[in-house]
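Hi everyone, thanks for making time this morning. Let me put the model up on the screen, and then we can walk through it together.

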Amino acid sequence: QISRVDGKRAAILSGEITDDDTFGVAADADQIIEDLDLDDRFGEDVVEVGAGVESSQQQQGFSDMLAAVAISIVIVYLIMVFTFRSLVHPFTILFSVPFAASGAFLALAATGRALSISSLIGLLMLVGIVVTNAVVLVDLVQQYRKQGMDARAALLRGGSTRLRPILMTAIATVLALLPQALELAGKGG
């Protein structure tokens, strides 16, 4: 479609993306346009290429979600600093977050799914679950240490005591989100 945008002649190309990786499709389209060397053919500043409104909104939403994940980790750290009255213990808890995130990315790769807004929301939830489980474990281990146990004994006892509730909450969350992860919701099973 040829029209005018801000008083300038514009060619508008549109299409329906059928791939799950919308950002990959947009990147491929950008690469194809870049390979055309339009500036060399028509002169610099003559040709402007831009993404559509929907694509721009998706990219903005994606970057906002990434920022929300980072901000949530900082806020969780600050809350734990005030709660534990320590700068070290919150770091030990936050060291579990990259392991959870790596598992999430491995699951996306294993299922052939692209990183999306939905998966980032899931990652945000995962950060909360992992941190909650770690706080429960570390708090109990600290209580055992205050009772005079050495570090190894406190970790072993705390781990065996908290393993069952941690597994129960993790399994319940996984099972509750499984239909969404498998995209069964809204497809009639």
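Of the 189 residues in the protein, buried ones make up 19%. Buried here means under 20% relative accessible area, exposed means over 50%, and partly exposed is in between, with a 1.4 Å probe and protein chains only. A word on where this comes from: the model is predicted, so local features need pLDDT of at least 70 and side-chain atom pairs count only at pLDDT 80 or more, while totals for chains, interfaces and linings use all residues. Residues are numbered from 1 along each chain as its sequence is written, and side-chain values use heavy atoms, with hydrogens and water left out.

Now the layout. The protein has 7 helices and 2 strands, and from the N terminus on, the order is β-β-α-α-α-α-α-α-α. These are DSSP runs numbered from the N terminus: helices are H or I with at least four residues, strands are E with at least two.

Next, the rings. How many aromatic pairs does a search of the whole structure find? The search gives 1. The pair is Y77 with F91, tilted, at 4.8 Å centre to centre and 45° between the planes. Y77 sits in helix α3 (residues 53-84) and F91 in helix α4 (residues 88-94), 14 residues apart. For the cut-offs, rings of Phe, Tyr and Trp (its six-membered ring) pair if their centres lie within 6.5 Å; planes under 30 degrees apart are stacked, over 60 edge-to-face, and the rest tilted. Is Y77 buried or exposed? Y77 counts as buried because its relative accessibility is 16%, whereas F91, at 44%, is partly exposed.

Staying in helix α3, we also find Q58, which is partly exposed at 38% relative accessibility.

Finally, the surface. D28, D30, E34, D35 and D37 form a negative patch. Patch residues have over 30% relative accessible area and no salt bridge; like charges are joined within 9 Å, and nonpolar side chains (Val, Leu, Ile, Met, Phe, Trp, Tyr) within 5 Å. A salt bridge is a side-chain nitrogen of Lys or Arg within 4 Å of a carboxyl oxygen of Asp or Glu. D30 belongs to helix α1 (residues 22-35) and is partly exposed at 46%.

There is a nonpolar patch too, including L163, I171 and L182, with about 640 Å² of accessible area together for the whole patch. L182 lies in the segment after α7 (151-181) and is partly exposed at 44%.

Definitions and conventions
Accessible areas come from the Shrake-Rupley method with a 1.4 Å probe; for residues, only the protein chains shown count as cover. Lys and Arg count as positive and Asp and Glu as negative; His and the chain ends are not counted. The place of a charge is taken as NZ of Lys, CZ of Arg, CG of Asp or CD of Glu.
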